[in-house]
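Student: I am new to this structure and would like to go through it step by step. Could we begin once it is in view?

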Amino acid sequence: MPRSGPRSEEPAAGSDGWSRPLLGASRREWHSPGPPAPPSPRLSSGSPVNAKSHFSELQSPTLTAPAPFADETSCQCQAPHEKLTIAQARLGTPVDRPVRVYADGIFDLFHAGHARALMQAKTLFPNSYLLVGVCSDDLTHKFKGFTVMNETERYEALRHCRYVDEVIRDAPWTLTPEFLEKHKIDFVAHDDIPYSSAGSDDVYKHIKEAGMFVPTQRTEGISTSDIITRIVRDYDVYARRNLQRGYTAKELNVSFISEKKYRFQNHVDKMKEKVKNVEEKSKEFVYKVEEKSHDLIQKWEEKSREFIGNFLELFGPDGAWPSITCDLTASAPAKIETSCSPSPGGAARH
């Protein structure tokens with residue numbers, strides 16, 4: 001039963017007839033404490049300025065503590081609590097107090113879908129105060145089923161949601177006139193899908209007929225049931241995970257055989273991971289060797305080409321060595337001729 005709601009600031013105790021704790025005991029502090037806010041300003045034509053912008057200027061609270069529990073506050077209305085219509089509330093009236101919006105639910109495994117519903121409830125009106133009712137364990141187990149989180153954990157989860165102004169513990173499954181009057185609730189926020197439970201086709205039917213129901217939109221793709229389904233589907237994975245983190249088989253409510261099976265599987269997974277790491281490192285080593293081999297071959301080819309080029313320059317047909325050889329061959333006969341020819345005065349003596 002996902003239920004949610006909006007949040008806003010209640011004015012300080014004064015002429016509005018509301019008495020409540022001092023700000024020091026509250027979860028909020030005003031940025032500019034001072035005398036009571038002046039009446040709603042009016043334009044020169046006499047028409048009031050936009051109520052939404054007016055309240056946003058007057059109210060700029062800072063969250064300093066979790067939302068209070070309803071049974072720990074002294075928020076008692078001493079003045080008549082006039083009935084509002086949705087149209088009036090959306091115009092920002094009444095100006096002397098916030099619109100009190102109520103949202104309720106189980107809020108097990110509090111998730112983004114819950115928070116978005118509460119955000120919608122909180123922002124339904126320009127100036128609103130969000131009360132969130134959370135059903136107890138006994139009531140929830142009776143009408144809906146077992147929960148993962150106990151009631152105390154669920155209460156605390158709601159107290160720390162930024163949109164919540166006040167948490168009502170042990171909220172009723174079906175809202176009664178007495179409950180609505182006790183908490184001075186103006187409107188109830190919930191998604192518009194009929195919620196059949198506790199022998200009723202729609203537990204909010206009488207709220208809708210009274211004109212006090214304001215619909216919110218569900219967030220698709222996320223729910224407590226979806227989260228539990230994921231855990232049940234991958235139970236073995238999460239059991240092994242928690243055994244690795246030090247939880248005992250008793251704490252996980254698994255048998256001796258299942259524990260040994262999970263631990264063995266963990267060892268197998270570790271071995272697989274080691275083999276995988278070795279394979280990756282081996283591939284990396286082979287890649288580096290190939291890369292270096294390629295560089296060495298490339299350098300060898302470059303040196304080979306350089307050596308062959310130098311050899312051809314020296315010993316090739318057009319190289320330096322044949323030219324030297326030709327020069328030596330051409331000069332050799334001249335030297336032989338010179339050594340064999342007779343000298344000019346060299347007639348033979350007898």
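Student: At what angle do the axes of helix α9 and helix α11 cross?

Tutor: In this predicted model, helix α9 covers residues 235-244 and helix α11 covers residues 256-315, and their axes come within 10 Å. Angles of 65 to 115 degrees count as roughly perpendicular, and α9 is therefore roughly perpendicular to α11. The crossing angle itself is roughly 80°.

Student: How many residues of the contact of α9 with α11 are charged?

Tutor: On the α9 side the contact includes Tyr235, Asp236 and Arg240, and on the α11 side it includes Glu259, Lys261 and Asp269. The residues of this contact divide into 4 nonpolar and 3 polar ones, and the number of charged ones is 7.

Student: Is threonine 147 buried or exposed?

Tutor: Threonine 147 has its place in the loop between α4 (137-143) and α5 (151-159), and among its contacts beyond four places in sequence are Ile106, Asp108 and His141. Its relative accessible area is 6%, and because buried means under 20%, threonine 147 is buried.

Student: Which residue has its backbone oxygen 2.8 Å from a polar atom of the side chain of threonine 147?

Tutor: Leucine 109 is 8.6 Å from threonine 147, C-alpha to C-alpha, although the two are 38 residues apart in sequence. The backbone oxygen in question, 2.8 Å from a polar side-chain atom of threonine 147, belongs to methionine 149.

Student: Which strand has the highest mean pLDDT among the elements of the chain?

Tutor: The mean pLDDT of the chain is 76, whereas it stays under 50 over residues 1-62. Among the elements, strand β2 (residues 28-29) has the lowest mean, 36, and the highest, 97, belongs to strand β7.

Methods. Residues are numbered from 1 along each chain as its sequence is written. This is a predicted model: local features need pLDDT of at least 70, side-chain atom pairs count only at pLDDT 80 or more; totals for chains, interfaces and linings use all residues. Side-chain values use heavy atoms; hydrogens and water are left out. Axes are lines fitted to C-alpha atoms, for helices over the stretch in contact, and angles run from 0 to 180 degrees between N-to-C directions. Helices (H or I, at least four residues) and strands (E, at least two) are DSSP runs, numbered from the N terminus. Angles under 35 degrees count as roughly parallel, over 145 as roughly antiparallel, 65 to 115 as roughly perpendicular and the rest as oblique. Contact means heavy atoms within 4.5 Å. Ala, Val, Leu, Ile, Met, Phe, Trp, Tyr, Cys and Pro count as nonpolar, Asp, Glu, Lys and Arg as charged, and the others, Gly among them, as polar. pLDDT is the predictor's confidence in each residue, from 0 to 100. Buried means under 20% relative accessible area, exposed over 50%, partly exposed in between (1.4 Å probe, protein chains only). A polar contact is a pair of N or O atoms within 3.5 Å; within protein, one must be able to donate a hydrogen and the other to accept it, and residues adjacent in sequence count only if both atoms are side-chain atoms.
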